[in-house]
Amino acid sequence: MHITLLVLTIPRESIPYAIHVLRVSCEASIAKWFPHLIRADDSRHRNFHVCLRGVGTFGNGRVIWARVVDDSGPTSPAVGDSVNMGICELSGLAHDLHEAFSQCGFVPERYEFKPHATLLKIRVPPGSGRRQQGSVTVDPSAYLPFAQHDFGAHAVASVELSEMGAMDPQDGFYQCTGKAVFR
């Protein structure tokens, strides 16, 4: 499961610099959006969670997602002593990343941030012709029963720079090339 904050095309030789930009930007953004978490000793509370409720689809039924909501609701208690990273904070983080990467010469692709967690993505082999035919989709009867389901609170431990389409045997579609870890 992942939440896409930004879509970029990064030349392979620029990946180490992009990882640096990601880490510095995330550190600054967390301080900006959660200033009350910075203690006098400069240590920070680094346990965050997102709350997910309901499902939707895009990509003609090839992508199933869960909606990020601002509160955990009655059936979804917070994860331990973690802090909710709601729509405003996620949107702020996405905006901050967009600005940071733009200022460093990376051109983000046009992407309107809509807070959601991708649960399932069907990969259509290139050249198969199935994407145009629309034959590779998830049957709505598989996800419609979860249209209002409360998926609860889920820990957020890091922001990853992931390479799309690099066949990672653990994930199947994304390969993590670097990350900013919330300590």
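Tutor: We may begin with a single residue, bearing in mind that the model is predicted. Setting aside neighbours within four places in sequence, Leu-22 is in contact with Leu-97, Phe-101, Val-159, Glu-160, Leu-161, Gly-178, Lys-179 and Ala-180.

Student: Which residues of the largest nonpolar core touch the most other members?

Tutor: This core has 33 residues. Leu-22, whose contacts include Leu-97, Phe-101 and Val-159, is itself one of the residues in question.

Student: In what order do the elements of the chain run from the N terminus?

Tutor: The chain has four helices and seven strands. Read from the N terminus on, their order is α-β-β-β-α-β-α-α-β-β-β.

Student: Is helix 1 parallel, antiparallel, perpendicular or oblique to helix 2?

Tutor: Helix 1 spans residues 15-33 and helix 2 spans residues 87-103, and their axes lie 9 Å apart at an angle of about 140°. An angle has to be over 145 degrees to count as roughly antiparallel, and 65 to 115 degrees to count as roughly perpendicular. Helix 1 is therefore oblique to helix 2.

Student: What is the handedness of the crossing, and how many residues of each class form the contact?

Tutor: Helix 1 passes helix 2 in a right-handed crossing. Helix 1 contributes Ala-18, Val-21, Leu-22, Ser-25, Cys-26, Ser-29, Lys-32 and Trp-33, which meet Cys-88, Glu-89, Gly-92, Leu-93, Asp-96, Leu-97, Ala-100 and Phe-101 of helix 2. By class, this contact has ten nonpolar, three polar and three charged residues.

Student: Is Ser-29 buried or exposed?

Tutor: Ser-29 is found in helix 1. Beyond its neighbours within four places in sequence, Ser-29 is in contact with Gly-92, Leu-93 and Asp-96. Its relative accessibility is 2%, and the limit for burial is under 20%. Ser-29 therefore counts as buried.

Student: Why does Ala-117 count as buried, and which residues are in contact with Ala-117?

Tutor: Ala-117 has its place in strand 4 (residues 116-121). Ala-117 is buried because its relative accessible area is 1%. Leaving aside neighbours within four places in sequence, the residues in contact with Ala-117 are Met-1, His-2, Ile-3, Leu-52, Ile-64, Trp-65, Ala-66 and Val-68.

Student: Is Phe-151 buried, partly exposed or exposed?

Tutor: Phe-151 lies in strand 5 (residues 150-156). Not counting residues up to four places away in sequence, Phe-151 touches Leu-52, Arg-53, Gly-54, Val-55, Ala-66 and Phe-146. Its relative accessible area is 27%, whereas burial requires under 20% and exposure over 50%. Phe-151 is therefore partly exposed.

Student: What separates the C-alpha atoms of Arg-110 and Val-7?

Tutor: Arg-110 is found in the loop between helix 2 and strand 4, and Arg-110 is exposed, with a relative accessible area of 88%. Arg-110 and Val-7 are 103 residues apart along the chain. The separation of their C-alpha atoms is 7.7 Å.

Student: Which residues is Ala-157 in contact with, neighbours within four places aside?

Tutor: Ala-157 lies in the loop between strand 5 and strand 6. From Ala-157 to Val-181 there are 24 residues in sequence and 6.1 Å in space, C-alpha to C-alpha. With neighbours within four places in sequence left aside, the residues in contact with Ala-157 are Ala-180, Val-181 and Phe-182.

Student: For the chain as a whole, what percentage of contacts with a separation of 6 or more joins residues 24 or more positions apart?

Tutor: The chain has 183 residues, and 39% of them count as buried. Among contacts in the chain with a separation of 6 or more, the percentage from residues 24 or more positions apart is 68%.

Key. Residues numbered from 1 in each chain as written. Predicted model: local features only at pLDDT ≥ 70, side-chain atom pairs only at ≥ 80, totals over all residues. Heavy atoms only, no water. Axes fitted to C-alpha atoms, helices over the stretch in contact; angles between N-to-C directions. Helix = DSSP H or I, 4+ residues; strand = E, 2+ residues; numbered from the N terminus. Parallel < 35°, antiparallel > 145°, perpendicular 65-115°, else oblique. Left-handed = near helix turned anticlockwise from the far one by under 90°. Contact = heavy atoms within 4.5 Å. Nonpolar A, V, L, I, M, F, W, Y, C, P; charged D, E, K, R; others polar. Core = buried A, V, L, I, M, F, W, Y, C linked by side-chain atoms within 4.5 Å. Buried < 20%, exposed > 50% of the residue type's maximum accessible area, 1.4 Å probe, protein only.
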